[in-house]
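Welcome, and thanks for taking a look at this one. Please have the sequence and the 3D view open side by side as you read.

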Amino acid sequence: MKKAGMMGAAVLITVFLCGCSQDTAVAADGAGIWQTDYDAALKQAAAENKYVLIDFSGSDWCGWCIKLDDEVFSQKEFIDYASANLICLLVDFPRGKPQTDEQKKKNEALAKKYNIEGFPTVLILNPQGLVVQRDGYQRGGAANYVDFIKSVIAADQKKQP
């Protein structure tokens with residue numbers, strides 16, 4: 001993972017990661033699994049007793065973010081698993097894609113809250129909103145990433161009374 005300040009000059013990739021609206025981002029294949037409203041995501045996670053996967057991304061300029069989406073988040077295996085088992089939240093810091101000032105402020109506040117220093121940073125929160133894992137890009141594709149998430153959740157559930 002590179003530091004946020006060093007990524008811009010080093011990466012000039014213009015691959016389209018996902019289309020974003022204010023409330024929902026849509027994965028490259030059209031599956032609408034990504035939300036952009038933090039409070040709504042946490043509320044839904046608590047109501048449905050699901051874990052939250054937060055992707056802090058520079059979706060239109062960060063090479064590792066684009067690679068993570070291409071190899072994992074836009075793949076059917078991840079989408080199928082996430083749709084059934086996770087609440088996915090995209091906290092995006094694009095340079096070229098339009099984003100409302102309100103969304104920018106919310107994303108900046110979340111980056112500060114979670115001490116995000118580089119992209120991609122992926123957090124997994126339990127249904128109560130507590131961080132149980134902090135990670136980023138991993139090699140191995142969607143199957144590997146899904147297995148990793150499953151192991152994080154299983155380990156967290158074993159700790160609970």
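Below is a short briefing, grouped by topic.

This is a predicted model, where local features need pLDDT of at least 70, side-chain atom pairs count only at pLDDT 80 or more, and totals for chains, interfaces and linings use all residues. Residues are numbered from 1 along each chain as its sequence is written, and side-chain values use heavy atoms, leaving out hydrogens and water.

**Overall picture**
- The protein has six helices and nine strands, taken as DSSP runs (helices H or I, at least four residues; strands E, at least two) and numbered from the N terminus.
- Of the 161 residues in the protein, 49% are buried (under 20% relative accessible area, with a 1.4 Å probe and protein chains only).
- Among contacts (heavy atoms within 4.5 Å) with a separation of 6 or more, 69% are between residues 24 or more positions apart.

**Around S59**
- You will find S59 in the loop between β5 (51–57) and α3 (63–73).
- S59 counts as buried because its relative accessibility is 0%.

**Helices α4 and α6**
- E77, F78 and Y81 in α4 meet A142, A143, V146, I149, K150 and I153 in α6.
- The residues of this contact comprise seven nonpolar, no polar and two charged (Ala, Val, Leu, Ile, Met, Phe, Trp, Tyr, Cys and Pro count as nonpolar; Asp, Glu, Lys and Arg as charged; the others, Gly among them, as polar).

Terms used: Buried means under 20% relative accessible area, exposed over 50%, partly exposed in between (1.4 Å probe, protein chains only).
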